[in-house]
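User: I would like to learn how to read a structural model step by step. Could we go through this one together?

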Amino acid sequence: MAFTPRGRPVITGINRVGLYSLYMKEVRRFLKVQTQTIWAPAVTTLLFLVIFSVALGREGREVLGVPFSSFVAPGLIVMGMMQNAFANSSFSLLSGKIQGTIIDLLMPPLSPGELMAGIVAAAVTRAVAVGCTVALAMVLWPGVSVPVAHVWAIVWFGLMGAVMLSVFGLATSIWAEKFDHNAAITNFVIAPLSLLSGTFYVIDNLAPAFQAVSRANPFFYVISGFRYGFLGESDIGSATQVVWAAVGMGVFNVVLALIVYTILRSGWKLKS
């Protein structure tokens, strides 16, 4: 058997085998404990639905022309997707650094882009799994109606939200040195941005200053755009404004991904 001459690369272009292997490793990791990673978030999201429907949805209250429970349901679905995308990608490199197995990710012939793509793709896969589970439970839940008005908005804003939090989770995984750092970002950044993004209300009910703050929150556009896909109505504005919000989310994710890619390529807090 003849070997490739020394100095000549064996793998050219994209390392498809390595990328697929990393992706499957990350997917199997969260499927190994699917009760915790998929079913538990679905139950938690349903509890949010029950509590807020009982507290705020009595006496036939309607928001955007639909019952309150139907208004809240899409926001809860995509909120669960985003939070679990962050949880998955923020654990990948951090666990390796703490357990001393980070070398298993850095030594294989994977470029920074392939490493990033594998981790983000697996996190998006978990987000989609959680979203489908929650959506199925809500469809079967009495009093909740989730008709589909615009499929493109559901797919686009759902994926953009999952990608955004996956990339942000990867950045957190690079920066964090212990699980406390990860928990701090989850509790003091992700949770407030999720809950204060119009999931349970329309921002027209807020004072002008707080409306401006909400419109500066990227979570608001993901949740409202995802809701637009189901209800055909959104507090983003008209259909044209929703399209521009979709374009803006795509640009925002590209910029965020380039920043995180640059950090990952530099080896900051990974190779030092």
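User: Where do we start, and what does the radius of gyration say about the chain?

Analyst: With the overall size. The radius of gyration is taken over C-alpha atoms, and the globule rule is 2.2 Å times the number of residues to the power 0.38. For 272 residues a compact globule would have a value near 19 Å, and the chain has 20 Å, which agrees. The C-alpha trace spans about 75 × 35 × 35 Å along its principal axes. Before we go on, a note on the source: this is a predicted model, where local features need pLDDT of at least 70 and side-chain atom pairs count only at pLDDT 80 or more, while totals for chains, interfaces and linings use all residues. Residues are numbered from 1 along each chain as its sequence is written, and side-chain values use heavy atoms, with hydrogens and water left out.

User: Thanks! How many helices and strands does the chain have?

Analyst: Helices (H or I, at least four residues) and strands (E, at least two) are DSSP runs, numbered from the N terminus. Here there are ten helices and two strands, in the order α-α-β-β-α-α-α-α-α-α-α-α.

User: How do I read burial, and what share of the residues is buried?

Analyst: Buried means under 20% relative accessible area, exposed over 50%, and partly exposed in between (1.4 Å probe, protein chains only). In this chain, 44% of the 272 residues are buried. The surface is about 13800 Å² by the Shrake-Rupley method with a 1.4 Å probe, and carbon and sulfur atoms supply 68% of that area.

User: And contacts: what share join residues at least 24 apart?

Analyst: Contact means heavy atoms within 4.5 Å. Counting pairs at least 6 apart in sequence, 80% join residues at least 24 apart.

User: Can we see that in single residues? What does Gly169 touch?

Analyst: Gly169 lies in helix α6 (residues 151-175) and is buried at 0% relative accessibility. Beyond its neighbours within four places in sequence, Gly169 contacts Phe86, Ser89 and Ser90. For a second case, take Ser69 in helix α3, which is buried at 13%. Not counting residues up to four places away, Ser69 touches Leu49, Ser53, Gly143 and Val144.

User: How are aromatic pairs described, and how many are there?

Analyst: A pair of aromatic rings is described by the distance of the centres and the angle of the planes. Rings of Phe, Tyr and Trp (its six-membered ring) pair if their centres lie within 6.5 Å; planes under 30 degrees apart count as stacked, over 60 as edge-to-face and the rest as tilted. The count is seven pairs. One of them is Phe91 with Phe179: the centres are 6.0 Å apart and the planes at 15°, so the pair is stacked. Phe91 belongs to helix α3 (residues 68-99) and Phe179 to helix α7 (residues 179-195), so the pair ties together parts 88 residues apart in sequence. Phe91 is partly exposed at 29%, and Phe179 is partly exposed at 40%.

User: Last one: which residues other than glycine have a positive phi?

Analyst: Most residues other than glycine have a negative phi. Among those with a positive value are Leu64, near 55°, and Lys269, near 65°. Leu64 sits in the loop between β1 (62-63) and β2 (66-67) and is partly exposed at 30%. Lys269 is in the segment after α10 (239-266) and is partly exposed at 26%.
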